[in-house]
Amino acid sequence: MKTFIEIVRYALETGAREAFILAGQSVMYRTREGLIPDSTDPEKLTASHTEKLVRQALEIDARPLSRLRTEGDDQFVISLPGLSRVSISAYRQRSSYAMTLRIIPFGIPTTESLHLPKEAAALADLREGLVLIGGPSGSGRSSTLACLLDRINHRRIAHILTIEDPIEYLFKNDLSFVSQREVSHDTRSVAEALGAAHRQSPDVIMISRLTGSEAWMEAAELSASGRLVMTAVTARRASQIIPDILMCVEERYRDALAHLLSRELRAVIWQQLTVTPDGLMPSCEFLELDEVCRTLIAEADTEKLLTLKSRTL
């Protein structure tokens with residue numbers, strides 16, 4: 001049976017972007033051909049195997065098993081010198097431990113390496129407002145956000161603030177300087193970090209994931225104060241992004257948030273990864289933020305917003 005390090009090394013060798021560790025199943029890898037088993041080690045994992053692998057990952061981060069044991073879930077990112085960074089979601093299932101690993105190569109991808117359309121790359125030129133990057137899980141939203149931030153970092157002087165859960169890509173200051181805050185380590189919650197951001201004077205704010213009414217209101221208000229705010233959202237299609245946001249906040253916040261979104265949204269982009277002969281390529285759609293769309297947002301008319309069409313890039 002492979003060790004944790006050997007599983008990560010095999011993922012890198014095969015070009016896999018994810019690995020799945022689950023009792024009763026051999027280690028599976030997500031590649032551009034889809035989900036494939038480890039051809040060099042087809043042995044099915046037992047509960048003791050998966051616990052050993054989870055412990056190996058936790059030891060690298062000097063992280064106790066107690067949180068996973070008591071809460072059932074634990075998320076963290078580790079750096080493996082000479083290999084890559086790995087985003088880990090460890091969890092309990094059927095009285096055993098399991099993990100999903102996401103491989104994050106060292107270095108931050110560029111718009112060219114991600115094959116982003118020029119309209120998406122141009123979002124880095126914005127100076128204020130709110131940008132939403134939507135898509136299903138595993139669609140490359142985090143990579144797109146990191147790419148846009150690094151593009152800003154290399155092109156203009158700014159204070160960039162990230163609020164992440166957990167931190168994935170590590171930025172090196174260039175023209176800009178970057179403050180990276182991790183939820184549970186550097187701040188108790190996204191909402192608290194956004195509340196404090198008003199006093200930290202950032203020019204650009206990136207939030208890896210926004211949940212809760214207060215966090216959405218803080219993010220929208222920050223964008224209305226002349227800052228550029230970017231965040232990722234989970235959605236099955238472009239027209240679903242804004243209705244989902246409005247429906248997830250408490251009713252007492254909905255009208256105020258709808259009004260802010262109608263004014264401050266600068267781009268709503270939806271993406272997914274598709275398999276091509278050249279590898280995984282992003283397929284992007286832009287929601288047209290015209291007068292009709294902004295009026296529907298201001299009115300929080302979620303039913304009509306769902307009918308809006310997007311532009312494929």
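**View 1. Lys 2 and Asp 38 meet in a salt bridge.** Their side chains come to 3.0 Å, N to O; a salt bridge here is a side-chain nitrogen of Lys or Arg within 4 Å of a carboxyl oxygen of Asp or Glu. Lys 2 sits in the segment before α1 (4-14) and Asp 38 in the loop between β3 (34-37) and α2 (47-60), so this pair ties together parts that are 36 residues apart in sequence. Helices (H or I, at least four residues) and strands (E, at least two) are DSSP runs, numbered from the N terminus. Both Lys 2 and Asp 38 are buried, meaning under 20% relative accessible area, with exposed being over 50% and partly exposed in between (1.4 Å probe, protein chains only). This is a predicted model: local features need pLDDT of at least 70, side-chain atom pairs count only at pLDDT 80 or more, and totals for chains, interfaces and linings use all residues. Residues are numbered from 1 along each chain as its sequence is written, and side-chain values use heavy atoms, leaving out hydrogens and water.

**View 2. Asp 125 pairs up with Arg 155.** The closest N and O atoms of this salt bridge are 3.4 Å apart. Asp 125 belongs to the loop between α5 (118-121) and β7 (129-135), and Arg 155 to helix α6 (residues 141-155), so the link joins distant parts of the chain, 30 residues apart. Asp 125 is partly exposed, at 42% relative accessible area, and Arg 155 is partly exposed too, at 48%.

**View 3. Glu 192 and Arg 188 form another salt bridge.** The N to O distance is 3.1 Å. Glu 192 is partly exposed at 39% relative accessibility, whereas Arg 188 is exposed at 69%.

View 4. A search of the whole structure turns up 16 salt bridges.

**View 5. Helices α10 and α11 pack against each other.** The axes of α10 (residues 251-264) and α11 (residues 291-298) are 7 Å apart, at an angle of about 160°. Axes are lines fitted to C-alpha atoms, for helices over the stretch in contact, and angles run from 0 to 180 degrees between N-to-C directions. That makes α10 and α11 roughly antiparallel, the word for angles over 145 degrees. On the α10 side, the contact (heavy atoms within 4.5 Å) is made by Ala 258, Leu 261, Ser 262 and Arg 263; α11 brings Arg 294, Ile 297 and Ala 298.

Key:
Angles under 35 degrees count as roughly parallel, over 145 as roughly antiparallel, 65 to 115 as roughly perpendicular and the rest as oblique.
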